[in-house]
Amino acid sequence: MSGREKAVWTECDKTNFIKYTMKILLLVYLCVYVAWAQDLEFDNEEDDDLATPDSNGTAVDARGHRPLQRGRETFTGNRYAPPRVSGGSRYRGRPTSAPIGGRQIQEKVEQPEAGGCTHASEEMGVLCPTGCDLKTTLLKQERNVKRSINELKPQVNDLSRSSNTVFNYVNGISNSLRERQRVSNDNSRVVSQYTDRVEEQHAYIKEIVDTVFPSNIRVLQGVLDKIKLKIQKLEKAIQAQRDECKTPCKTKCPIPVVSGKECEDIFRRGGVDSQMYMIQPDAFYPPYKVFCDQASQNGGWLLIQNRLDGSVDFGRRWDEYRRGFGNIAFDSGKGHCATPGEYWLGNDRISQLTKMGPTEVLIEMEDWTGAKVHAQYNQFTVQSETSNYVLAVGGYSGNAGNCFLEGSLELFGENRTMTIHNGMMFSTYDRDNDNWTPGNPTKQCSKEDGGAYTRQMAKHGTDDGVVWMNWKGSWYSLKAISMKIRPYFASR
């Protein structure tokens, strides 16, 4: 074989080798694709295994209203959401820390008492809420009872005099009857008939005088005795309240001297300790108490929601979520309230705070093993009640998973879209605003998913309490969760 023929044969060998290699790669790709498809079917079979028979023998889907549809649906993340509050920030970067002796801190202001159990300053509230109002009410009742007794006494006296007059009259009739009996012997029949009538009248009158009148008098006397006893008890209660109110009441959570529009403003005014503060975002509305976290991520966080032990029931009506509920903070034993309680700040207040300017939110979570994660959005706005408090978020960061914008990653298609919170309205069990079969009262998320939770419920799987699907899945109720907001500015 010549050298040229050897070269031609070598090129043919290369061509055949390439064709053979491509066939092998194609077969490997088909095998991988078939295995991947079988895995998908196996996952669906596992989900089907979650269905357990009920007492009638029929299959019950343990996942409730979150079925995983078969196949690979196309995820659609588009949902209308109102524009978030943007534009210029309320704050620039924080100035450098001043020397310890140069920080301007508001001087402590002594709040004088207006007398009794109230402060002269309206925002300091009532000092003795458990006693003084009762004292005023008891004094009013005492005056009304005494007036009724004074009106009743003359009537009882008139009744006593009337009974004596009737008694004397009956005695006179009895004497007259005996006299007539002596002079009526000649006409016994007529006298007997007359006597029978008189005796009947006499017996009736005597029964009234001897039984009915004394009984009524005894009843009235008993009523008077009971009223006197009640008056004595009221007088003792009033005296006890007076004794308790001699010493001014002291609140368990004294209000710090530093205050501001929100927690960032308080931080810049010198309130760098995490505790309860008084804020007033709008001068046209009264101030209210909040808990400020001045330690996490440079501070300035205002706690709008906190759940840590299940001590407060979060299964509330629309009006309660609008106003807010729960306990702001507790005394930690250091003379100030540095321990946050379980509470919801109130939708009206949250909406007002987030619409004052660009706002960010920090959501911190903890499971029952002590593991902690967080989700942060640098754009967060809650619209007013006229729009049912529509939520708008953007700019995610953190390690908990982007549930607000992406929904649950374990679901597909419409099932996943329904778990996206961005653009959703607020919903309670007495006002249904979710997208799960509107108009059907049996298809309502806030009724099916309750607000209570315990460690056992989380252990066996539940979607009550707070569930963050992209961290623990759809059936794990978290132990603790908090939501904090503060003004957003890029130069933080």
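Helices of at least four residues and strands of at least two are DSSP runs, numbered from the N terminus. In these terms, Asn298 is placed in the loop between strand 7 and strand 8 (301–307). The model is predicted, and residues are numbered from 1 along each chain.

**Loop residues with positive phi**

Asn298 has a phi near 70°, a positive value in a residue other than glycine. Asn388 is another non-glycine residue with positive phi, here near 65°. The loop that holds Asn388 runs between strand 14 (372–382) and strand 15 (391–398). Asn388 has a relative accessible area of 18% and is therefore buried, since buried means under 20%.

**The disulfide**

A search of the whole structure gives one disulfide. The partners are Cys263 and Cys292, with their sulfur atoms 2.0 Å apart. This pair links distant parts of the chain: Cys263 belongs to helix 4 (residues 263–268) and Cys292 to strand 7 (residues 288–293), 29 residues apart. The torsion about the S-S bond of Cys263 and Cys292 is about -75°, so the disulfide is left-handed. Cys263 and Cys292 are both buried. A further cysteine, Cys403, has 6% relative accessibility and therefore counts as buried.

**Salt bridges**

Side chains of opposite charge can pair when their charged atoms come close. The count of salt bridges comes to eleven, with a side-chain nitrogen of Lys or Arg required to lie within 4 Å of a carboxyl oxygen of Asp or Glu.

| Pair | Closest N and O atoms |
|---|---|
| Lys484 and Glu364 | 2.7 Å |

Arg268 and Glu264 both lie in helix 4, four residues apart, which is about one turn of the helix. Which side of the burial cut-off does Glu264 fall on, buried or exposed? Glu264 has 0% relative accessibility, so it counts as buried. Arg268, at 30% relative accessibility, counts as partly exposed.

The pair of Asp319 and Arg322 is also placed within a helix, namely helix 5 (residues 318–323), where the two are three residues apart, about one turn of the helix. Asp319 is partly exposed, with a relative accessible area of 37%. Arg322 counts as partly exposed as well, at 22% relative accessibility.

The salt bridge of Lys484 with Glu364 has its closest N and O atoms 2.7 Å apart. Lys484 is buried because its relative accessible area is 7%, whereas Glu364, with a relative accessible area of 26%, is partly exposed. Salt bridges that share partners join Lys484, Glu364 and Asp293 into one network.

Helix 2 spans residues 132–183 and contains Ser174. Ser174 has a relative accessible area of 12% and is therefore buried. The C-alpha atoms of Ser174 and Val198 are separated by 9.2 Å, and the two residues are 24 residues apart along the chain.

Helix 3 (residues 188–244) contains Lys236. At 64% relative accessibility, Lys236 counts as exposed, because exposed means over 50%. Lys236 is one of the residues of a positive surface patch, which is formed together with Lys226, Lys230 and Lys233.

Where does Met425 lie? Met425 is in the loop between helix 8 (413–417) and helix 9 (445–448). Its relative accessibility is 34%, so Met425 counts as partly exposed. Met425 and Val390 are 35 residues apart in sequence, and their C-alpha atoms are 4.2 Å apart in space.

Conventions:
This is a predicted model: local features need pLDDT of at least 70, side-chain atom pairs count only at pLDDT 80 or more; totals for chains, interfaces and linings use all residues. Side-chain values use heavy atoms; hydrogens and water are left out. Buried means under 20% relative accessible area, exposed over 50%, partly exposed in between (1.4 Å probe, protein chains only). Patches are made of residues with over 30% relative accessible area and no salt bridge: like charges are joined within 9 Å, nonpolar side chains (Val, Leu, Ile, Met, Phe, Trp, Tyr) within 5 Å. Accessible areas come from the Shrake-Rupley method with a 1.4 Å probe; for residues, only the protein chains shown count as cover. Lys and Arg count as positive and Asp and Glu as negative; His and the chain ends are not counted. The place of a charge is taken as NZ of Lys, CZ of Arg, CG of Asp or CD of Glu. A disulfide is a pair of cysteine sulfur atoms within 2.5 Å.
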